[in-house]
Amino acid sequence: MRVKQVSVFVENKPGRFMAVLEALEKDKINIHGLSVSEATDIGIVRMILTDPDKALADLKRAGFTVRMDWVVSAELPDVPGGLLRHVARPLSDAGVNLLYLYVYTDSTTGKTIAIVKTDDLDKAEKVLVRN
């Protein structure tokens with residue numbers, strides 16, 4: 001299924017990630033999934049949140065450059081090869097290019113969730129629902 005993801009572009013300086021977390025804490029926004037990647041001068045913090053719309057506004061108010069994207073969320077079996085058989089291979093076989101992916105465990109259900117960004121979200125969603 002599709003979910004909203006908030007991406008925050010953060011300077012690679014001490015304390016900047018902490019400032020992102022403080023902005024979310026003010027409105028009691030919980031982080032379900034998180035990915036942090038870095039480049040030379042900036043990092044990208046991608047998050048699945050309890051209230052992405054409110055988080056976007058809070059982070060903008062805190063002075064961050066932010067973006068909202070739709071991504072696909074897919075439940076995975078927590079077994080060796082689960083990611084291969086239920087995400088990577090089905091998307092590849094369908095000709096869908098995987099742009100990035102991260103995984104988290106849902107604290108309420110204990111299920112493993114993959115967050116997937118592709119070049120074709122409609123097709124990816126259909127493929128992952130079948131698998």
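Student: Hi! What should I know about the model before I start?
Tutor: The model is predicted, so local features need pLDDT of at least 70 and side-chain atom pairs count only at pLDDT 80 or more, while totals for chains, interfaces and linings use all residues. Residues are numbered from 1 along each chain as its sequence is written, and side-chain values use heavy atoms, with hydrogens and water left out.

Student: Thanks. How many helices and strands are there?
Tutor: The protein has four helices and six strands, in the order β-α-β-β-α-β-α-β-β-α along the sequence. Here helices (H or I, at least four residues) and strands (E, at least two) are DSSP runs, numbered from the N terminus.

Student: And how does the radius of gyration agree with a compact globule?
Tutor: For 131 residues, a compact globule would have a radius of gyration near 14 Å, and the protein has 15 Å, which agrees. That radius is taken over C-alpha atoms, and the globule rule is 2.2 Å times the number of residues to the power 0.38. The C-alpha trace spans about 40 × 35 × 25 Å along its principal axes.

Student: What share of the residues is buried?
Tutor: Buried residues make up 40% of the 131. Buried means under 20% relative accessible area, exposed over 50%, and partly exposed in between (1.4 Å probe, protein chains only).

Student: Which residues have the most contacts inside the largest nonpolar core?
Tutor: That core has 16 residues, and Val-8, Val-20, Leu-24, Met-47, Leu-49, Leu-59 and Phe-64 have the most contacts inside it. β1 (2-11), α1 (16-26), β3 (42-49) and α2 (52-61) each supply at least two of its residues, and α1 gives the most, with four. A nonpolar core is a set of buried Ala, Val, Leu, Ile, Met, Phe, Trp, Tyr and Cys residues joined through side-chain atoms within 4.5 Å.

Student: What is Leu-59 in contact with?
Tutor: Leaving aside neighbours within four places in sequence, Leu-59 is in contact with Val-6, Val-8, Val-20, Ala-23, Leu-24, Met-47, Phe-64 and Val-66. Contact means heavy atoms within 4.5 Å. There is also a second, separate core of twelve residues, including Val-72, Ala-74, Val-116 and Val-127.

Student: Back to α2. Which of its residues are buried, and what do they pack against?
Tutor: Pro-52, Ala-55, Leu-56, Asp-58 and Leu-59 are buried in α2, and the buried residues of this helix pack against β1, α1, β3 and β4 (65-76). An α-helix has 3.6 residues a turn, so residues three or four places apart point the same way. Just after α2, Gly-63 takes a positive phi of about 95°.

Student: What does Asp-58 touch?
Tutor: Beyond residues up to four places away in sequence, Asp-58 touches Ala-23, Asp-27 and Ile-29. Asp-58 has a relative accessible area of 8%, so it counts as buried.

Student: New topic: where does Tyr-100 lie, and is it buried or exposed?
Tutor: Tyr-100 lies in strand β5 (residues 98-105) and is buried, with a relative accessible area of 17%. Tyr-100 and Val-71 are 29 residues apart along the chain, and their C-alpha atoms are separated by 9.9 Å.

Student: Last one: where is Lys-28 found, and what is its phi?
Tutor: Lys-28 is found in the loop between α1 and β2 (31-38). Its phi is near 55°, a positive value in a residue other than glycine. Lys-28 has 74% relative accessibility, so it counts as exposed.
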